[in-house]
Amino acid sequence: MNKPDDPIPAKEGTNVLASLEDRRQAFGSQLIARSWARSQQYGISPRDRVLFDAPVVVRPKDIQDHGGLLLRAASPEMEQLHGALAPKDWVLACIDMEGVVLSSIGKCNSASQELNQVFRPGAQFLETLVGTTGPSCALEERETVIVAGADHYLEEAHAFTCMATPIFGLDGGIVGVLDASRKGPATSLYCLESLVIAARAIERRMFMELGNVLLVHLHFRLDILGTPMEGLLAFDGTGRLQGANRIATQIFSSPGLKPGMEFSELFDMPFTHAVCYRRYDLSVPFRIQTQWGSQLHACLTTAPDKKAGQQPAQPRPFTTAERRPLAPQGPCIEDQAVNSALERARKAFARDIPVLINGETGTGKEVFARLLHEGSARSGGPFVAINCSSIPASLIESELFGHVEGAFTGSRKGGAAGKIEQAHQGTLFLDEIGDMPLELQGRLLRVLQERSLSRLGSTAVIKVDCALVCATHRDLLQLSQEQGFREDLYYRINGLRVTLPALRERSDLERLIQRLLQSETTAHAPLTLEPAALQALLAYRWPGNIRQLHQTLRLAAALAEDDGRIGLQHLPDEVLQGVPARVMAEPAVERDQAEVGGTLQASEQRAIRAAIEACQGNLSAAARSLGIGRATLYRKLKAMEKE
């Protein structure tokens with residue numbers, strides 16, 4: 001039986017292509033079999049010598065103009081990916097829809113010399129010219145593909161392995177491919193995963209190059225936001241759709257996306273509300289509902305206006321004068337104490353000084369860390385968060401430092417990068433670091449000091465460059481004195497220490513309640529707070545802080561959906577414990593009537609009688625026509641009978 005990397009021999013007296021079906025079965029790839037069939041139709045012979053003499057159709061001096069947006073977006077991601085791949089003999093190439101090599105990166109060594117010649121900028125790699133290769137097959141099939149050894153149609157390519165993945169443009173259609181090739185077999189699927197992520201990052205950069213648009217970042221999973229795997233939609237100033245990446249088109253596969261669609265056709269939110277949310281930037285995600293009822297996590301940013309002479313959003317150092325303005329109405333920084341802490345932390349963070357955030361559970365420590373990241377020169381890099389208290393002690397070492405294949409039972413095939421490695425050129429956020437196992441603290445300290453690490457089961461050294469933000473609800477200094485936390489690690493991570501106030505200590509509690517309630521309100525079902533309910537929320541001590549408040553308001557909004565007003569009866573028992581009994585016994589309708597004059601009261605009663613008459617006495621239908629709950633209508637009728 002032939003090995004995967006061995007060519008299948010032709011039978012005596014038959015054409016070399018007669019065993020196409022045998023090849024398909026041997027390699028289990030219908031995709032490659034289709035490519036071979038097309039190559040045969042093009043009249044190419046497997047023995048042709050064309051790979052190293054592919055025609056140059058674009059002169060090197062014209063590549064920049066020819067490559068345009070794709071080339072500008074691909075170059076920085078290719079540089080970053082090439083530095084991360086191992087072994088170091090991979091050659092990366094970005095190829096456009098015409099098969100033209102726009103850019104290639106490879107080491108100048110004997111292992112890469114041949115591929116550097118193959119992927120010359122300006123050379124053309126279409127299936128009609130070179131048959132089945134990684135990039136040519138990916139262009140035709142619009143799918144990620146591995147073409148290894150004798151999978152190649154041309155015999156002169158049998159010594160190589162190609163991995164290629166499509167790059168999709170602003171309309172969700174393919175605009176090119178990203179290819180990684182080396183002489184010899186592939187080392188692991190980790191390289192393929194890295195290639196796919198880099199392609200998604202290129203797509204993301206193309207959206208950032210758009211001028212004067214509102215970008216909607218969205219996904220079903222909150223942890224995907226801000227990564228290359230998020231969905232992206234671009235809207236112009238009037239709220240009309242200008243572009244969508246491939247992931248967004250998959251999310252909105254039904255009813256489908258069309259250029260020019262209005263924002264309100266997709267989301268249960270007016271476009272004007274979205275423009276207001278824009279000030280949150282990527283630091284404060286929120287929930288958004290589609291018109292067909294799906295719930296997504298989303299956040300909003302803007303791409304620079306090129307007509308106004310602004311430059312595309314790229315990672316670069318921010319001076320004090322350039323730093324992004326604080327969002328004064330963002331839910332994290334309406335309180336003066338939080339605002340002041342953020343200003344101090346941003347100055348330290350800009351100098352690569354680690355920040356330690358103290359605060360009770362639910363005070364917004366991760367949101368604070370994201371604000372630091374997004375307002376810094378590293379905002380174009382990844383924000384990687386890990387909760388040290390939520391991962392089993394047996395797995396946290398692998399999660400932090402990564403592992404190679406076979407490092408332990410159940411290890412991932414091909415190994416995996418750890419969180420620290422994933423945060424390269426970005427920010428690493430270690431939440432609840434006080435709960436990190438003591439035996440791992442020493443290794444973390446060495447990584448922070450040496451800015452390098454080795455994966456579990458490996459001695460290879462990997463350089464890492466990431467900013468550090470840590471958070472905990474514990475007193476680390478006291479914990480270190482009790483031998484529960486390494487003292488040297490404490491002083492390494494405690495560059496600047498900030499303490500976030502508890503919710504009960506904040507001066508902006510009422511504004512925060514209204515803001516969070518607004519996020520649970522839709523245009524079709526507006527909600528308001530009755531005065532007594534607001535006072536109960538303000539009086540409660542909130543041991544779970546912002547997280548508990550948000551959950552309480554979500555519950556109240558769901559229970560009060562029919563009434564349109566949140567009253568005491570919609571709040572949890574623990575919030576009502578401190579509310580005086582006389583307030584609890586006072587019907588909401590009587591409080592409302594005490595606040596309005598006789599004219600409004602009479603108008604309300606006339607409206608109620610007219611609705612009941614129009615509905616022929618059906619009280620449920622009358623309540624719906626008035627936009628109130630049936631129970632509310634009963635209370636109002638009872639009050640009218642007493643008068």
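Which residue in strand 17 does N358 stand opposite? In this predicted model, N358 stands opposite T499. Residues are numbered from 1 along each chain as its sequence is written, and side-chain values use heavy atoms, with hydrogens and water left out. Because the model is predicted, local features need pLDDT of at least 70 and side-chain atom pairs count only at pLDDT 80 or more, while totals for chains, interfaces and linings use all residues.

Strand 11 (residues 355–358) runs parallel to strand 17, and four bridges join the two. Four bridges also join strand 11 to strand 16, again in parallel, and L356 stands opposite C470 there. Strands are DSSP runs of E of at least two residues and helices are runs of H or I of at least four, numbered from the N terminus; two strands pair if DSSP finds at least two bridges between them.

The open sheet comprises five strands in the order 12-13-16-11-17, with parallel pairing. Strand 12 (383–387) and strand 17 (496–499) stand at the edges with a single partner strand each, so one side of each lacks a neighbour in the sheet. From one strand to the next the twist averages 20 degrees. Helix 11 (residues 336–350) packs on the sheet and touches strand 11, strand 13 (427–431), strand 16 (467–472) and strand 17, contact meaning heavy atoms within 4.5 Å. The direction of helix 11 makes about 160 degrees with that of strand 17; axes are lines fitted to C-alpha atoms, for helices over the stretch in contact, and angles run from 0 to 180 degrees between N-to-C directions.

Both faces of strand 11 are covered, with V355 and I357 buried on one side and L356 and N358 buried on the other. Buried means under 20% relative accessible area (1.4 Å probe, protein chains only).

Definitions and conventions:
Buried < 20%, exposed > 50% of the residue type's maximum accessible area, 1.4 Å probe, protein only.
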